[in-house]
Amino acid sequence: MTDPFATAIVFFGKTNVPLNLADFQSFNDIYGTTNNPWDLTRTPGGSAAALAAGLAGLEAGSDIGGSIRNPAHFCGIYGHKPTWGLVSDEGHALPGVVAPADIAVGAGERSGDVGPSRCRGNRCSTRATARACGPRTCKEQSRRPAAGTSGPGDRYDHAVQRVGICCMQSLLGYFPIIEVARSYRREDLPHDVVAGIAVGMLTVPQAVAYALLAGLPAQAGLYACLAPMVIHALLSSSRQLIVGPVAIAALMVASTVGQHADAYSDAYLGITTVLSLQVGMILVLLRLLQVGGIVNLLSHPVISGFVNGAAVVIIISQLAPLTGIATTSRLDDGAVDRLALLVRSVAEVNPTALGLGVGSLLLMAAVRRWGPALLRGGGTQGATAGNGDVRHALARTGPVLATVLGTAVVAGFGLDVGVVGNVPAGLPELTLPLLDARLWWDLAPNALLIALVAFVESYSIGKTLASRQRRRIDSHQELLALGAANIGASLSGAYPVAGSFSRSSVNYASGARTPASALVCAVIIVLTLLWLTPLFANLPHAVLAAVVIVAVYELADFRSVVRDWRFYRPDVLTHFATFAGVLLAGVEAGLLIGVGIAVVLFMRGSARPHIAVVGRLGDTPHFRNVKRYAVRTWPHLLAARVDESFYFANADTLESRLAELVDNPEVPEGVDSDPGQAVEHLLIIMSAVNFIDTTGLEMLKRLTHRLARRSVAMHLCEIKGPVRDQLEHVAVDEWLTGRVFQTTDDAFNALTEAAGHWVWRDRAENAPGTNDA
């Protein structure tokens with residue numbers, strides 16, 4: 001028998017993971033087995049030595065005996081499929097265990113074998129979502145006989161059980177809240193309740209303010225916090241992300257409604273419900289088609305410029321209610337028009353409204369700056385990790401205090417300022433969007449842009465919060481969750497929603513552990529809609545304008561422009577182009593301008609690819625740029641590394657640049673070129689070439705014949721597999737005047753040895769070194 005001391009416990013899953021038995025008290029505690037002849041529980045302080053002693057008594061071909069008591073426990077610890085065994089260091093299976101070959105073909109579930117395998121291709125864990133366990137796998141599992149079963153009835157029951165397990169695991173993948181509920185702990189509840197209350201207090205004033213920003217009634221903002229928030233909590237893979245009305249989406253909705261309201265009898269709510277339904281359908285469609293990568297068109301400088309431009313537009317739009325000026329501007333008027341109108345109406349400023357607005361701004365700034373210090377007791381040491389979360393939440397309560405005090409002042413002194421007025425009490429009713437084909441067609445482009453911006457904003461926030469807890473969120477699941485949330489908004493008389501940066505930050509800082517905090521926040525909204533709506537009658541517009549200004553001010557980020565200028569200046573150009581487009585042409589047009597500028601700059605950079613002439617670094621097989629390193633070159637050999645693919649945008653530039661290098665090759669500094677020695681070989685290093693289109697192929701053929709007329713052979717090396725397959729389809733050996741080498745080192749060795757006596761194709765086709773890379 002194999003030396004038992006050379007035995008390791010490994011698992012045949014996706015990887016082989018060796019374990020040290022000395023870390024455990026007993027073998028039974030790990031495997032959950034019973035009645036084993038080498039049961040370590042019979043040995044006080046069981047160890048690997050005791051296991052080895054038990055194994056030494058086994059004869060070849062004997063069964064280890066016992067049965068699996070709790071394979072799920074084992075899987076929950078290690079996250080691997082419960083198919084394991086004892087193997088020697090040489091990889092041979094010991095008697096009575098499941099061999100790797102058995103596992104591969106699905107056998108090994110005989111009486112006495114160590115354990116059953118479950119849906120292959122999945123991680124077997126008590127918390128695993130196991131979305132990879134598809135119908136095909138379930139079907140295969142249902143056909144496999146169960147251990148210890150013989151009759152057709154037993155096999156049928158076992159098959160049904162396995163299909164049910166797989167389907168349940170698939171269901172868990174689409175409803176992460178089920179797994180959250182299964183693993184929910186009693187100590188999580190206080191954290192979620194506190195966080196939900198804090199978020200709810202911040203959500204109420206923001207929801208009302210954003211509804212007015214979108215040109216909708218105040219209750220539409222509260223409706224947008226109810227059904228969408230609950231639906232997203234049930235479907236989202238993020239544990240702290242809060243969705244609802246946000247400033248950017250409200251601005252885009254206002255712009256869209258302003259464009260189409262006149263043509264549809266100013267049916268604002270009808271337009272927004274259709275818009276919200278379209279946004280949800282687009283996001284769900286992206287999930288079904290698994291093309292969520294389309295949002296990559298919105299690069300960081302585009303999003304940054306868009307958010308900064310939108311922040312400025314929103315602040316300008318809130319100056320009128322902040323100062324009490326009654327403007328007649330349209331919802332889709334640009335920032336310049338609004339600002340010009342404000343300047344012409346400066347004589348209409350209401351000092352009372354201005355005082356309330358400025359006072360609210362100062363109050364929120366003071367709470368943000370000194371609120372946590374008040375709870376800390378003036379800076380004394382008494383802060384614990386628990387009340388640290390409360391301090392963070394307190395720093396965000398400025399909008400709540402401002403709205404409460406502003407409402408009390410207006411009601412107590414009877415001030416003559418603009419107020420929200422009557423807000424209908426009660427929960428939202430089921431609302432069916434308008435079924436007008438022309439309206440749907442007109443809103444589709446705006447809905448697509450809102451959907452992309454909403455998802456990018458939501459996913460960025462969720463990913464940031466998840467990374468702080470070393471978690472990951474599923475982008476596909478987030479598409480589904482946000483899409484369903486917007487569909488819920490459309491059916492409850494609301495407007496498009498997205499992830500909120502401010503409310504999600506408060507949720508995280510307040511110590512939220514699960515999406516249950518969002519459900520608590522929804523309870524706050526329900527209570528507000530049922531009993532607290534009369535309080536909004538005296539809520540001044542100036543205070544709500546201050547709430548919006550503070551919220552969007554936190555979104556703006558101009559400091560990154562300085563960093564980007566030092567790192568990559570074209571991104572700064574994209575940022576300012578998007579920023580200016582939003583200010584001058586509107587939010588949707590500005591976003592499209594930013595995307596267009598980003599694509600143009602990318603094409604421009606790609607059309608002017610970097611080409612480096614390289615040489616050998618000493619006597620090593622490494623090659624570096626002659627402008628950066630002291631390398632060795634040969635006059636008759638020019639090696640050029642092209643750091644870009646060959647396609648229509650850069651084909652002419654590549655041809656001209658390579659031909660120019662052949663005429664005037666670059667040499668290392670301090671090395672005099674020999675004007676009498678002409679280049680005989682051009683070696684193109686293609687390690688960075690990912691594809692070649694037909695224009696790039698024609699360029700290569702044209703350059704080959706162009707150099708052939710000057711007695712220069714062209715060679716290729718470091719070709720990637722997909723590109724090599726492309727070249728094989730066009731018979732590269734028939735038109736290439738040189739050879740294709742595996743590595744740059746092989747090419748240099750062959751071409752430097754052939755100096756002075758090179759004859760094209762003077763070697764046999766299958767001689768060493770002629771095979772494609």
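Ser 255 sits in helix α11; helices (H or I, at least four residues) and strands (E, at least two) are DSSP runs, numbered from the N terminus. Ser 255 is buried, at a relative accessible area of 9%, where buried stands for under 20% relative accessible area, exposed for over 50% and partly exposed for what falls in between (1.4 Å probe, protein chains only). This is a predicted model, in which local features need pLDDT of at least 70 and side-chain atom pairs count only at pLDDT 80 or more, while totals for chains, interfaces and linings use all residues. Residues are numbered from 1 along each chain as its sequence is written, and side-chain values use heavy atoms, with hydrogens and water left out.

**Helix α11 and the chain around it**

- The C-alpha atom of Ser 255 lies 7.8 Å from that of Asp 333, although the two residues are 78 residues apart along the chain.
- Helix α11 covers residues 247-260, and 13 of its 14 residues are buried, so the rest of the structure largely encloses it.
- From its first C-alpha to its last, α11 reaches 20 Å, close to the 20 Å expected at 1.5 Å a residue; the expected span is 1.5 Å times one less than the number of residues.
- The chain as a whole has 31 helices and twelve strands, and buried residues make up 49% of its 773 residues.
- Of the contacts in the chain with a separation of 6 or more, 78% join residues 24 or more positions apart; contact means heavy atoms within 4.5 Å.

**Helix α20 and its ends**

- Helix α20 has 17 residues (475-491) and should span 24 Å at 1.5 Å a residue, which agrees with the 25 Å between its end C-alpha atoms.
- α20 is mostly covered, with 13 of its 17 residues buried.
- At the N-terminal end, Asp 474 caps α20 through a side-chain oxygen 3.0 Å from the backbone nitrogen of His 476.
- After α20 comes Gly 493, which has a positive phi near 75°.

**Ser 236, a link to Glu 478**

- Ser 236 belongs to the loop between α10 (227-235) and β5 (243-244), and it is buried, with a relative accessible area of 4%.
- Its side chain makes a polar contact with the side chain of Glu 478 at 2.8 Å; such a contact is a pair of N or O atoms within 3.5 Å, and within protein one must be able to donate a hydrogen and the other to accept it, with residues adjacent in sequence counting only if both atoms are side-chain atoms.
- The side chain of Ser 236 also reaches the backbone nitrogen of Ser 238 at 3.0 Å.
- Leaving aside residues up to four places away in sequence, Ser 236 touches Pro 176, Glu 478 and Ala 481.

- Ser 500 is in the loop between β6 (498-499) and α21, and it is buried, with a relative accessible area of 3%.
- The side chains of Ser 500 and Ser 502 make a polar contact (3.4 Å).
- Beyond residues up to four places away in sequence, Ser 500 touches Gln 206, Ile 242, Val 246 and Ile 461.
- The axes of α8 (residues 188-213) and α21 (residues 501-509) come within 9 Å and cross at roughly 170°; axes are lines fitted to C-alpha atoms, for helices over the stretch in contact, with angles from 0 to 180 degrees between N-to-C directions.
- α8 and α21 are therefore roughly antiparallel to each other, a label for angles over 145 degrees.
- Among the residues that meet are Gln 206 in α8 and Ser 502 in α21.

Key: Parallel < 35°, antiparallel > 145°, perpendicular 65-115°, else oblique.
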